[in-house]
Amino acid sequence: MAQGKEEDVADLVTARDRFHHPFTPYAIQETFMETVYQVLEDGKVGILESPTGTGKSLSLICGALTWLRDHKAKAFEEGLNWSNDSDEPEWIIEQAKARRRRELLRNREDMEARLAKIRAKEKAQRDKYLKGEQSFKRRKVDAGNDEDDEEQFVLDDYESDREQSGTGTSSGLSAKTLEMMSRIGMGPATLTEEDEEVEDEIKIFYCSRTHSQLTQFINELRRVHFPPSIKDETTKSTDTEDLKHLTLGSRKNLCINPKVNKLASLTAINERCSELQQTSTPKEHKCVFLPNKENQTLVNTFRDHSLATIRDIEDMGELGKQIGICPYYASRAAIKPAEIVTLPYPLLLQKSAREALGLSVKGHVVIIDEAHNLMDAISGIHGVEVSLRQLKRARAQLGVYLQKFRNRLKGKNRVYVAQVVRVIDSLVGYLESRIGLTKPDGQVSDKDLLSGKGVDQINLFKLIKYLQESKLARKVESYALHSETQIPQSGTSLKQSSEQTTSTPVLHHISSLLSALTHPSKEGRLLYTLSSTPNSPDLATLKYHLLDPSPHFETLVSSARAVILAGGTMSPMSDYTSHLFPYLPHSSITTLSCGHVIPKENLLAWNLSKGPSGQTFDFTFKNRGNNEMIDDLGRALLNICTVVPDGVVVFFPSYTSLSSIISRWEVIPPSPLSTSSSSPPLQQQQSILTRLSLKKSLFQESKDTPVDTILASYASAISTGKGGLLFSVVGGKMSEGINFSDRLGRCVVIVGLPFPNVNSAEWKAKMEYIESGTIERLSKDLTKAGSGEKLSKEEMIKRGKEEAREFYENACMRAVNQSVGRAIRHQNDYAAIVMIDRRFEGERVSGKLPAWIREGLVEGSGGLGFGPLMGRLGGFFRGRREIGG
């Protein structure tokens, strides 16, 4: 027995040493790191699930970077193993190998020495700064105002010959700008022969949704140390080599020109930046921070400093200010020598964004974290939505703009602006014609959408190109805001324009919508949705929805050496294999679902099918008005709050269901009639909500109240000892990225199943697409197979419907799993998870729960009733108190 324990300890020590983990890894972390390593080695796609709190980020770092250093070491040695096909003596070949080895080692040593010198200098500066002896010097920047006159809003002349010249690009930059960017080595310029000779070191692109998540990952990077990949006879086994890390961001994150970064929207910042690079812009007005041949030494300094120290996005901005060079452009010089590059979703998932950054993933490793919503993210990036209110506001802004500058518009500008007006009028007319229909949404015919007067005569391709290149969107919106601040408006159309300044201008949405119309695809659908608010019919929307994200993601997968999708709640995984990677054989995909690091006794999971009074819990749409069931849910929570200490978080299927249930619980039941005139007066009845508030302080998620405000009040109530009961929504603000660890989440309750509305136009289109795609695939497979299994048309249709139903159920369960994952965030944490609905009993639902939840689920709990749950809950929390939990 003792020998077995010694072997286990030895294995853990081996895993820690092999993967250079800063701590002794859990068994599941070791499995996770091994899987990451093997996926990268074999050049596969990995779909990996590890619950939050199990050290997923460190496991990704250690597994991936261990492989990277091993791979570079192997590539270095293989590069020296030349075969002697000539008649040269062996000693000459050996001398050449030795010379090549010395050259490579010297290059590495030169870079490491340069970076070490920078680190020492930065450390000395920090030490002086902390002692108050010195403050960081930074280049002064002039935050002067742009011209206050209205000349800045006038459109530049638009030459018609540009339409045929083919100089436009998907990036929206002019030919002159691209030519200038090419000369200074920036942007999506074609590689020169010299560039092609520079070896692009194999690296890892790590991607997550937000910069705050990337910052957390970067903090983990600072904790690890790896041995050098290239070693010589003087290298010791304990030697380490610092990671060369780079983080990338958009201009909005990194622009240091105060005249540009003060602009509210990303689009405005991008367009103003490109304007300042135009050859037609006077030299005194150009951006002084833009890299060029004269300040190349500053670019090199920025490159070395950014690689010398692990920095987050804010550090990169500060570094650019200190050196006096644009961090957005200068950071590109650090991409090739970097070992790991961190960047947010949009910069990696969008091909045009990768091209604008001059970023190629060919032959490199891509890791996408928090990938549970990856398909939605891809659809969101390539989709577009615009409301009737926005269209009317854009039309009003154009009217004001034309009123001021009509006589200044010449040639093509006059023609195209008139066309834009006609297109907007047509879109407005279409949406207004939908208002009053009984059907709340539906698919849109492009013929109906563009049926306005004269619209059929417009060349949409040329109009889209004009919108991309003319900067009409920003100039119109900027002038609307300018005129609003200069002259107070009595109307409401322009007063609402400020709502739009923090996001993409409406005319850009219109351009994207027109692009969808001119590039019809079976992967997308154009839909309309009417307003759900009767008093605001102008909230009706037009939306282009991408039904199939796989073609857009395939371009990235086919280029990369290996791709890993990682997350805390990736289950159910069949969606990824069937709908994101349908073109890959199963042998090319590795899946892993890890258990939790907590002991089994730290989790109690229960399916609750009936309430205290025996009501069956079935929160389907047809039962939404079942007051007896809703009241029994309230009584169940009253009992649960009596037994569970500290914080209880309840997730409802939607904001609508939460609101209606709370309204029902606010009702005060009628007092029972007194049986005798001599009986004392009965105590006044209390509503369920009041009784709940006596058990714990109540809090409710709201679309209007900031999450931080609610969470702070909730945590304060728990710290005072009364405890808190937080009502939240699956898929809402509290269901993702929020940490309900320890006392904040001793019990998570899931009420019902948040199935999407299968009758909505969006889900109808999605289901139809999956059904038809499945039938098409089965038909092709049969054609290829020739003889063999013969499927009838009816059988193919049946399988198509099954595939669509599976996708529908998976969408629901992924949202449930994400909410459940808010609790139990570390090894010593503990919580109960109660799933309230009889449908949780079925295998189609329970089988889609994460492995660690299924392991903690009490078998047959759905048929045991409410009493046994209370007994198990009481015993569970008494046991935790007895062991000091």
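The accessible surface of this protein comes to about 42,500 Å², worked out by the Shrake-Rupley method with a 1.4 Å probe, where for residues only the protein chains shown count as cover. Carbon and sulfur atoms own 49% of that surface. Keep in mind that this is a predicted model, so to speak of local features pLDDT must be at least 70, and side-chain atom pairs count only at pLDDT 80 or more, while totals for chains, interfaces and linings use all residues. Residues are numbered from 1 along each chain as its sequence is written, and side-chain values use heavy atoms, with hydrogens and water left out.

Now for the overall build. The protein has 34 helices and 17 strands; these are DSSP runs numbered from the N terminus, with helices being H or I of at least four residues and strands E of at least two. Of its 885 residues, 49% are buried, meaning under 20% relative accessible area, with exposed being over 50% and partly exposed in between (1.4 Å probe, protein chains only). Take the contacts (heavy atoms within 4.5 Å) with a separation of 6 or more: 79% of them join residues 24 or more positions apart.

Let's go inside. In soluble globular proteins, nonpolar side chains tend to be buried together. A nonpolar core here is a set of buried Ala, Val, Leu, Ile, Met, Phe, Trp, Tyr and Cys residues joined through side-chain atoms within 4.5 Å. The largest one holds 111 residues, and the members touching the most others are Ile368, Leu542, Phe553, Leu565 and Phe581. Helix α19 (residues 411-434) gives the most to this core, 10 residues in total. Zoom in on Ile368: beyond its neighbours within four places in sequence, its contacts include Cys207, Tyr345, Leu374, Phe553 and Leu565. There is also a second, separate core of 41 residues, with Trp606, Leu637, Ile661 and Phe877 among them.

Next, the charged pairs. A salt bridge here is a side-chain nitrogen of Lys or Arg within 4 Å of a carboxyl oxygen of Asp or Glu, and by that rule the count is 38. Glu275 and Arg474 make one of them, at 2.6 Å from N to O. This pair links distant parts of the chain, with Glu275 in helix α11 (residues 266-276) and Arg474 in helix α22 (residues 472-486), 199 residues apart. Glue these two into your picture as buried residues: Glu275 has 13% relative accessibility, and Arg474 has 11%.

Lys392 and Glu432 form another salt bridge, their closest N and O atoms being 3.3 Å apart. Lys392 sits in helix α18 (residues 388-405) and Glu432 in helix α19, so the pair ties together parts 40 residues apart in sequence. Both ends are partly exposed, Lys392 at 36% relative accessibility and Glu432 at 39%. Glu776 and Lys780 also meet in a salt bridge, at 3.5 Å from N to O, but both lie in helix α30 (residues 761-785), four residues apart, about one turn of the helix. For a network of salt bridges, look at Arg69, Lys72, Glu201, Glu241, Lys244 and Glu339.

Finally, the cysteines. A disulfide is a covalent bond between the sulfur atoms of two cysteines. Counted as pairs of cysteine sulfur atoms within 2.5 Å, disulfides come to zero. Cys641 is buried at 5% relative accessibility, and Cys62 is buried at 0%.
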